[in-house]
Amino acid sequence: MTVADMSAGKARYTHAEEVAIMAAHSRGEVPRCPRCNVAMTTRSLGGGSFGLGYARQREWLLCPKCKRSVLFDGRRGTRN
Ligand SMILES: [Zn+2]
């Protein structure tokens, strides 16, 4: 994330909002945009091979209204 990205019109959630969205998703709920209060679209971005334990599964949560999105590693319990 650079200053150039910030000024390119890409609105982003705050870190606290991203955490709340991920928490809802990890509970098996459909996350809602904290700004628009609409259900967010979930898309799974598969890594390379499905069925392999170490394949990185990424989740992309997108608000259909404000177009903000959160991309994160779908595995739980990792911290980086
Ligand atoms: Zn929104």
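**View 1. Confidence along the predicted chain.** Helix H1 (residues 3–6) has the lowest mean pLDDT among the elements, 50. Helix H2 has the highest, 93. Averaged over the chain, pLDDT is 79. A score of at least 70 is reached by 66% of the residues.

**View 2. The chain from end to end.** Two helices and three strands make up the elements of the chain. Starting at the N terminus, their order is α-α-β-β-β. The chain has 80 residues, and 10% of them count as buried. Now take the contacts between residues at least 6 apart in sequence: 36% of these join residues at least 24 apart.

**View 3. The sheet of three strands.** The sheet is open, and its strands are ordered S1-S2-S3. The pairing is antiparallel. Strand S1 (41–45) and strand S3 (69–73) are the edge strands. Each of them pairs on one side only. On average, neighbouring strands of this sheet are turned by 20° against each other, direction ignored.

**View 4. Where S1 meets S2.** S1 pairs with strand S2 (residues 58–62) in the antiparallel sense, over five bridges. Look for Thr 42: its bridge partner in S2 is Leu 61. Next, find Arg 43. Its bridge partner in S2 is Trp 60. How many of the five residues of S1 are buried? The count is zero, and S1 is hardly covered.

**View 5. Where S2 meets S3.** S2 and S3 also pair in the antiparallel sense, over five bridges. Glu 59 stands opposite Phe 72 in S3. The two strands, S2 and S3, form a hairpin with six residues between them. Within the turn, Lys 67 has a positive phi of about 70°.

**View 6. Helix H2 on the sheet.** H2 (residues 15–26) lies across S2 and S3. Its angle to S3 is about 60°. Gly 28 follows H2, and its phi is positive, near 85°.

**View 7. The largest nonpolar core.** Six residues form this core. They are Ile 21, Cys 33, Met 40, Leu 61, Cys 63 and Val 70. Which residues does Leu 61 touch, not counting those up to four places away in sequence? They are Ile 21, His 25, Pro 31, Met 40, Thr 42, Ser 69 and Val 70. Thr 42 is also the bridge partner of Leu 61.

**View 8. Arg 68, a buried loop residue.** Arg 68 is found in the loop between S2 and S3. Is this residue buried or exposed? Arg 68 counts as buried because it has 20 C-beta neighbours inside 10 Å. Leaving out residues up to four places away in sequence, Arg 68 touches Ala 11, Arg 12, Tyr 13, Cys 33 and Cys 63. Consider Arg 12 in particular. Arg 68 and Arg 12 are 56 residues apart in sequence. In space, they are 5.7 Å apart, C-alpha to C-alpha. Cys 33 and Cys 63, which Arg 68 touches, belong to the largest nonpolar core.

View 9. Lys 67 lies in the loop between S2 and S3. Its phi is positive, about 70°, although Lys 67 is not a glycine. Why does Lys 67 count as exposed? Lys 67 has 11 C-beta neighbours inside 10 Å, so it counts as exposed. Asn 37 sits in the loop between H2 and S1. Phi of Asn 37 is near 55°, again a positive value in a residue other than glycine. Asn 37 is exposed because it has 9 other C-beta atoms within 10 Å.

Terms used: Residues numbered from 1 in each chain as written. Predicted model: local features only at pLDDT ≥ 70, side-chain atom pairs only at ≥ 80, totals over all residues. Pairing = 2+ DSSP bridges. Helix = DSSP H or I, 4+ residues; strand = E, 2+ residues; numbered from the N terminus. Axes fitted to C-alpha atoms, helices over the stretch in contact; angles between N-to-C directions. Contact = placed C-beta atoms within 7 Å. Buried ≥ 20, exposed ≤ 12 C-beta atoms within 10 Å, placed from the backbone. Core = buried A, V, L, I, M, F, W, Y, C linked by C-beta atoms within 7 Å. pLDDT = per-residue confidence, 0-100.
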